[in-house]
Amino acid sequence: MNFYFNSDLASGYKSNSQKIRVMSENWLSCNMFCPACGNIHISKLSNNMPVADLKCDRCGEIYELKSVNGKIGRKISDGAYSTMIERITGAGNPDLFIMEYSREWQVVNLTLIPRFFFTPSIIEKRKPLSAQARRAGWVGCNILYSAIPDQGKITIIKNQEVMAMESVVESYARVRKLQIGDIKKRSWLLDVLSCVNAISKDDFSLVEMYKFADILQANHISNHNIEAKIRQQLQILRDAGFIEFLGRGRYRKIQVR
Ligand SMILES: [Zn+2]
């Protein structure tokens with residue numbers, strides 16, 4: 001795989017961000033398969049599409065690309081907060097490719113976050129722009145990358161090592177079992193999954209899960225029976241094949257490979 005961007009494409013653009021956008025999208029459309037269905041190609045969409053950058057012509061999955069020079073931090077800055085919340089609670093949200101590229105314009109890392117891993121708790125509201133700013137009062141947002149459960153970060157390229165297409169498609173199919181349209185239900189499931197991930201051992205108990213009750217309550221203020229909700233989400237994680245029930249309030253994580 002050639003990891004270099006096609007720098008010829010940059011010549012017509014003045015701003016660096018435009019150059020990167022054009023080159024990185026081109027790189028993806030030339031080199032990337034569809035993680036959702038294994039189609040060997042995804043196509044670039046026209047630039048007037050509001051959020052989507054690429055689309056699979058076979059399964060219809062749409063993708064957005066964000067490129068970062070160097071290493072991605074704990075958060076990624078994004079557009080307007082209200083638009084983002086509207087998007088993730090609606091049906092048309094794309095999957096998000098996150099590309100890390102080097103100063104030499106080479107792709108180093110590529111990760112995919114499926115759309116159903118987006119919840120309001122991973123979107124941070126930024127401070128409104130000051131009265132002096134051109135867009136005074138405008139409120140942007142950050143995607144809290146570190147708050148996304150690991151299951152929602154599918155590695156495709158790591159330090160220029162390319163994962164096999166079959167394993168990427170398999171990973172996507174596995175996490176698709178966690179897909180929930182309703183944003184409240186989705187938030188519950190992924191918040192509880194994050195708690196499970198936060199326990200470092202493979203085996204854990206209900207008592208350990210209940211220790212997260214205060215954190216979960218803060219995210220779900222209107223819920224008055226947090227412990228029952230935790231048990232219910234653990235059942236969903238069991239049915240989706242992410243944990244097994246050992247009985248008597250004991251659970252075990254199911255690790256892949
Ligand atoms: Zn597809």
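The centres of domain 1 and domain 2, taken over C-alpha atoms, sit 29 Å apart. Domain 1 covers 7–164 and domain 2 covers 183–253, with bounds that come from an automatic or database domain assignment. The contact between them draws on 10 residues from domain 1 and nine residues from domain 2; contact here requires C-beta atoms, placed from the backbone, to lie within 7 Å. On the domain 1 side, the residues touching domain 2 split into five nonpolar, four polar and one charged (nonpolar: Ala, Val, Leu, Ile, Met, Phe, Trp, Tyr, Cys and Pro; charged: Asp, Glu, Lys and Arg; polar: the others, Gly among them). This is a predicted model, in which local features need pLDDT of at least 70 and side-chain atom pairs count only at pLDDT 80 or more, while totals for chains, interfaces and linings use all residues. Residues are numbered from 1 along each chain as its sequence is written.

Now for the sheet. Seven strands form an open sheet in the order β1-β2-β3-β5-β6-β9-β10, with mixed pairing. Strands are DSSP runs of E with at least two residues, helices are runs of H or I with at least four, and both are numbered from the N terminus; two strands pair if DSSP finds at least two bridges between them. β1 (43–44) and β10 (161–162) are the edges: each has a single partner strand, so one side of each lacks a neighbour in the sheet. Strands β2 (residues 54–55) and β3 (residues 62–69) run antiparallel and are joined by two bridges, and K55 has I62 of β3 as its bridge partner. Helix α1 (residues 16–31) packs on this sheet, touching β1, β2, β3, β5 (95–101) and β6 (107–113), and its direction makes about 125° with that of β3 (axes are lines fitted to C-alpha atoms, for helices over the stretch in contact, and angles between N-to-C directions run from 0 to 180 degrees).

Next, some individual residues. G140 belongs to strand β8 (residues 140–144) and touches S77, G79, A80, Y81 and R126, leaving aside residues up to four places away in sequence.

Most residues other than glycine have a negative phi. Q160, in the loop between β9 (154–158) and β10, has a positive phi near 65°, and with 13 C-beta neighbours inside 10 Å it counts as partly exposed. R248, in the loop between β12 (243–247) and β13 (250–253), also has a positive phi, near 50°. R248 has 7 such neighbours, so it counts as exposed.

Technical notes
Two residues are in contact if their C-beta atoms, placed from the backbone, lie within 7 Å. A residue is buried if 20 or more other C-beta atoms lie within 10 Å of its own, exposed if 12 or fewer, and partly exposed in between; C-beta atoms are placed from the backbone.
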